[in-house]
Amino acid sequence: MFITFEGIDCSGKSTQAQLLANKLQEANHNIVELREPGNTRLSEHIRGILLNKEYSEINERTELLLFSASRAQLVAEVILPSLHKGKIVICDRFSDSTIAYQGYGRGLPLNDIVHINRIATQETEPDMTFYLDISPETALERTDGREGIVQDRMEEAGITFFKRVIRGYMRIANMNSGRYYVIDGGKSVDEIHSIIWRLVSERLSEEERYSTSRNGALEPMIP
Ligand code: ADP
């Protein structure tokens, strides 16, 4: 099963991804915890470039291709092999971030981004995506406790940029209602975690029931 977390910076993605990972581990599930960009040797190099403030000249197209290159390596090297082994993959950000940020935020053509996403992900789609919905104002308040790049980046990009990104996420959520769960990110950490855990454990039980009944149906055919 493939689970992703989406939302603007400081919406609580990494907090919730970590809590979910802990809970799944306690329940003896085999999980892989990832955050984009990064998590492979090559992708970590690319992350270093993307987060390096010295490269302030970076063009938005370069940014798009670097995020996508990092993702292509992550999908090929980690995500697909892990899913094939039946592991639960939890990823903090995935291809929806590129549509929301580079597409809606920066204004690059959406059709091109969808095409590049397809190449990078090998058409791998999450089974469940949790979108943590908070306003840019709340996000900015939360950066007060944080130093450095996130705060700089958010202040530089400005509220209107994040409003466009949020509008993008809402469109993506509407177009992918089967896998999208929009959660009020303004609730407490524990409340959000309980909602997510209920949804994930329901899905896991459904999958278990399905695989048991499927095995049951196949049994008579085995000589
Ligand atoms: P993201 O991964 O989306 O950037 P984080 O999980 O790192 O966000 O959270 C950003 C900041 O907000 C952290 O200081 C975190 O402790 C705090 N935070 C996370 N979730 C909540 C919440 N539901 N309510 C209040 N603060 C939160």
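Arg 179 counts as buried, at 8% relative accessibility, and its side chain meets that of Glu 125 in a salt bridge of 3.5 Å, N to O. Please keep in mind that this is a predicted model. Glu 125 lies in the loop between helix H5 (110–121) and strand S4 (128–133) and Arg 179 in the loop between helix H7 (149–175) and strand S5 (180–184), so the pair ties together parts that are 54 residues apart in sequence. Glu 125 itself is partly exposed, with a relative accessibility of 48%.

**Salt bridges**

- Side chains of opposite charge can pair when their charged atoms come close.
- Searching the whole structure turns up nine salt bridges.
- One of them joins Asp 9 to Arg 93, with 3.4 Å between the closest N and O atoms. This pair links distant parts of the chain, 84 residues apart: Asp 9 sits in the loop between strand S1 (2–6) and helix H1 (13–26), and Arg 93 in the loop between strand S3 (88–92) and H4.
- Asp 9 and Arg 93 are both buried.
- Another salt bridge brings together the side chains of Arg 35 and Glu 44, at 3.2 Å from N to O.
- Arg 35 has a relative accessible area of 32%, which makes this residue partly exposed. Glu 44 is likewise partly exposed, at 33% relative accessibility.
- Returning to Glu 125 and Arg 179, the two partners fall into separate classes: Glu 125 is partly exposed at 48%, whereas Arg 179 is buried at 8%. Elsewhere, salt bridges that share partners join Glu 6, Asp 9 and Arg 93 into one network.

**The second largest pocket**

- Rolling a probe the size of a water molecule over the atoms shows where empty space is left.
- The second largest pocket has a volume of about 390 Å³.
- Its lining consists of 17 residues, and those nearest the centre of the pocket are Asp 96, Ile 99, Val 114, Asn 117 and Glu 125.
- At least two residues of the lining come from each of H4, H5 and H7.
- The most are given by H5, which supplies five residues.

**Gln 102 in helix H4**

- Gln 102 is placed in helix H4 (residues 95–105).
- Is Gln 102 buried or exposed? With a relative accessibility of 5%, Gln 102 counts as buried, because the cut-off for that class is under 20%.
- A polar contact of 3.1 Å connects the side chain of Gln 102 with the side chain of Glu 63.
- Apart from neighbours within four places in sequence, Gln 102 is in contact with Glu 60, Glu 63, Leu 64, Phe 67, Ser 97, Gly 107, Leu 108 and Ile 113.

- Helix H2 (residues 41–51) has Ser 43, Ile 46, Arg 47 and Leu 50 among its buried residues. These residues are on the same side of H2, because they cover an arc of only 110° around the axis.
- What do the buried residues of H2 pack against? Their packing partners are strand S2 (31–35) and helix H3 (60–84).
- On the face turned away from the buried side, H2 carries the exposed residues Arg 41 and His 45.

**Backbone details in the loops**

- Glu 36 and Pro 37 are joined by a cis peptide bond, with omega at about -10°. Pro 37 belongs to the loop between S2 and H2.
- Asn 39 also lies in the loop between S2 and H2. Its phi is near 75°, a positive value in a residue other than glycine.
- With a relative accessible area of 29%, Asn 39 is partly exposed.
- Glu 123 is not a glycine, yet has a positive phi of about 60°. You will find Glu 123 in the loop between H5 and S4.
- Glu 123 counts as exposed, at 58% relative accessibility.

How values were computed
Residues are numbered from 1 along each chain as its sequence is written. This is a predicted model: local features need pLDDT of at least 70, side-chain atom pairs count only at pLDDT 80 or more; totals for chains, interfaces and linings use all residues. Side-chain values use heavy atoms; hydrogens and water are left out. Helices (H or I, at least four residues) and strands (E, at least two) are DSSP runs, numbered from the N terminus. Buried means under 20% relative accessible area, exposed over 50%, partly exposed in between (1.4 Å probe, protein chains only). A polar contact is a pair of N or O atoms within 3.5 Å; within protein, one must be able to donate a hydrogen and the other to accept it, and residues adjacent in sequence count only if both atoms are side-chain atoms. Contact means heavy atoms within 4.5 Å. The arc is that of the directions from the helix axis to the C-beta atoms. A salt bridge is a side-chain nitrogen of Lys or Arg within 4 Å of a carboxyl oxygen of Asp or Glu. On a 1 Å grid over the protein atoms alone, a cavity is a set of points where a 1.4 Å probe fits but cannot get out, and a pocket is an open set with protein on both sides within 12 Å along at least five of seven lines; lining residues have an atom within 4 Å of a point. Grid points are joined across faces, edges and corners, and a volume is the space filled by probe spheres set on the points.
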